[in-house]
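Subject: Structure handover

Hello,

Here is the structure you will be working with. Please open it next to this email and follow along.

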Amino acid sequence: MTALRRPPTVVLVVAGLGVLLFLIPVLALLGDAPWSTLFTQFAAPETVAAGRVSVIVSLAATALAVVLGVPMAFALANMDFWGKPIVRTIITVPLVLPPVVTGVALTSAFGRRTLFGELTGIGLTSTMAGAILAAAVVATPFLVLTVEGTLRSTDPGYEQLASTLGAPPLARWWHISLPLARPGVLAGAILAWARALGEFGATITFAGNTEGSTQTLPLEIALALENPDTQDRAVAVSILMLIVSLTVLITLRDRWIPRR
Amino acid sequence: MSIVMPATAVGCSTGDGRRTIDVYAASSLADMMELVEEGYERDNPEVDLRMNLAGTNALVRQVNSGADAAILVAADASFLEDLVEEPIVTPVALATNELTLTVPADNPAGIAGPEDLGREGVLTARCATGVPCGDATDVYLAANGFAVARSTEEANVRSVLAKVSTGEVDAGFVYRTDAAATDTVLEIPLADAPQVTVTMAQLDSSEATTELARYLGSDEVADLFARLGFGPAESRQPGIPAGDPPGDGG
């Protein structure tokens, strides 16, 4: 980085203000923490149940995002086909749409009163599968965009070489293309997981708020906020989520995401 | 970084010169408040009522953390005790409401009464504990010893009603007025259902707010309440200001 690239002071001041916008709420949350009972709150049966649901739902949603997202990213990055801009727009829509709208749309598609619901008998309302689907839909775009970005900057030379040596397409993809995309897949998976862990609006709208099956930690926080007697738990669980998210982001970031 | 400022500061005039009054009202009063807004703004064109509808507990929380509400209409009187600042006049009971059970119009799970909610596979929507309709549901279930097999807990009564009317749940606990508001749900009346008392607290002493409070306590509004299926407030006597809020909480 050369001295010429150093941003002007006024830009740095605004940047500093921007950092404060993120820092102040976190510090204020820590200031509100019920420190003396924090661990009792973590051990509350509701928190344990919601924590279990959150772990399962976020990991399953991430797995779904990887399985479906990586092929989509390859198609978008390495192919030209009719309707590609439309496909990309459709995939990225959940990034900009309010999650509650995604939830409404999922209900229209997979709720009880849909063809899907009639066929399955129940639909996905208030089932853990519904919570996983909601989290996967909002999380997958992060993975697709990240992987696509990585693929655009990989060197096609290796794949050409493999092709010249007679590797069939699937073997070439599995042994050459996919390993080359690894950093992007890992980074995208972390982002997708983080988004799935924090998912609230689509989940509560589509999958509901049922303890033990769809009530994730964010839903538990919202529920605990409704009751003056459980306000402390709401703050405690918020801090728990903060700690988990920071730990994962910091440790995995240094390990897996190459520094530019 | 961009900071979005609220379009109008609370208590100030709107762009067209009308005076804004912020009214916070329970979700169960959504239809009622629409009628109130229409009626009041028609008679007082210089006033713009700005409605904030949510669970009463959420409204109380907002007021306690500094939101500038002029009037708070609670689904039940008991929740006004949680206000940090005392209302400037004694809260006035406006009407009563009652918990009831609803099912989707085609009653897919064949629910005949609250005893069916414990059947395996039945999914019930209810308000969360802490929300007036949720506390009333807790009271009702405990008092009658009914179990609920599986439930989804919602932040306000209108979310419960929406889940029932779209058929995403098999049954839901709402107020009688909510059940009456739509023909997409069937009501299954409950014996000994808990009652709540819709109660108004005036939070600022301005003339415009006092005027609105007087209107809310008027016979005209009492008629509107009755038309939507609310019960009369016991303490409300024609011409005589209501006294202490009834303690009958949910």
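At what angle do the axes of helix α7 and helix α10 of chain A cross? Keep in mind that this is a predicted model. The answer is roughly 155 degrees, and the two axes come within 8 Å. Helix α7 of chain A covers residues 128-152, and helix α10 of chain A covers residues 182-198. Angles over 145 degrees count as roughly antiparallel. That crossing angle therefore makes α7(A) roughly antiparallel to α10(A). The crossing of α7(A) past α10(A) is right-handed.

Which residues make this contact? On α7(A) they include A:Ala135, A:Val138, A:Phe142, A:Leu143 and A:Val147. On α10(A) they include A:Pro183, A:Val185, A:Leu191, A:Ala192 and A:Arg195. By class, the residues of this contact are 14 nonpolar, 6 polar and 1 charged.

Helix α3 of chain A spans residues 45-78, and helix α12 of chain A spans residues 217-225. Their axes come within 8 Å and cross at roughly 145 degrees. From α3(A), the residues in contact are A:Glu46, A:Thr47, A:Ala50, A:Gly51 and A:Ser54. They meet A:Leu217, A:Leu219 and A:Glu220 of α12(A). This contact holds 3 nonpolar, 3 polar and 2 charged residues.

Step back to chain A as a whole. It has 13 helices and 0 strands. Its C-alpha trace spans about 70 × 65 × 30 Å along the principal axes. The chain has 260 residues, and 36% of them count as buried. Next, take the contacts in chain A between residues at least 6 apart in sequence. Of these, 78% join residues at least 24 apart.

Next is the meeting of the two chains. Chain B gives 18 residues to the contact, and chain A gives 18 residues. On the side of chain B that touches chain A, strand β6 of chain B (residues 150-154) gives the most, with 5 residues. That side of chain B has 5 nonpolar, 8 polar and 5 charged residues.

Stay with β6(B) for a moment. Is this strand mostly covered or mostly open? It is mostly covered, with 4 of its 5 residues buried. Strand β5 of chain B (residues 123-127) pairs with β6(B) in the parallel sense, over 5 bridges. One place to look is B:Thr124, whose bridge partner in β6(B) is B:Ser151.

- β9(B), residues 195-202: antiparallel to β4(B), joined by 6 bridges. B:Ala95 stands opposite B:Val198 here.
- β10(B), residues 231-232: antiparallel to β4(B), joined by 2 bridges. B:Ala95 stands opposite B:Pro232 here.
- β7(B), residues 171-175: antiparallel to β4(B), over 4 bridges. The bridge partner of B:Leu101 in β7(B) is B:Phe173.
- β8(B), residues 185-188: antiparallel to β4(B), joined by 4 bridges. B:Leu101 stands opposite B:Ile188 here.

Best wishes

Terms used. Residues are numbered from 1 along each chain as its sequence is written. Chains are lettered from A and ligands numbered from 1 in the order in which they are written. This is a predicted model: local features need pLDDT of at least 70, side-chain atom pairs count only at pLDDT 80 or more; totals for chains, interfaces and linings use all residues. Axes are lines fitted to C-alpha atoms, for helices over the stretch in contact, and angles run from 0 to 180 degrees between N-to-C directions. Angles under 35 degrees count as roughly parallel, over 145 as roughly antiparallel, 65 to 115 as roughly perpendicular and the rest as oblique. A crossing is left-handed if the near helix is turned anticlockwise from the far one by less than a right angle, and right-handed if clockwise. Two residues are in contact if their C-beta atoms, placed from the backbone, lie within 7 Å. Ala, Val, Leu, Ile, Met, Phe, Trp, Tyr, Cys and Pro count as nonpolar, Asp, Glu, Lys and Arg as charged, and the others, Gly among them, as polar. A residue is buried if 20 or more other C-beta atoms lie within 10 Å of its own, exposed if 12 or fewer, and partly exposed in between; C-beta atoms are placed from the backbone. Two strands pair if DSSP finds at least two bridges between them.
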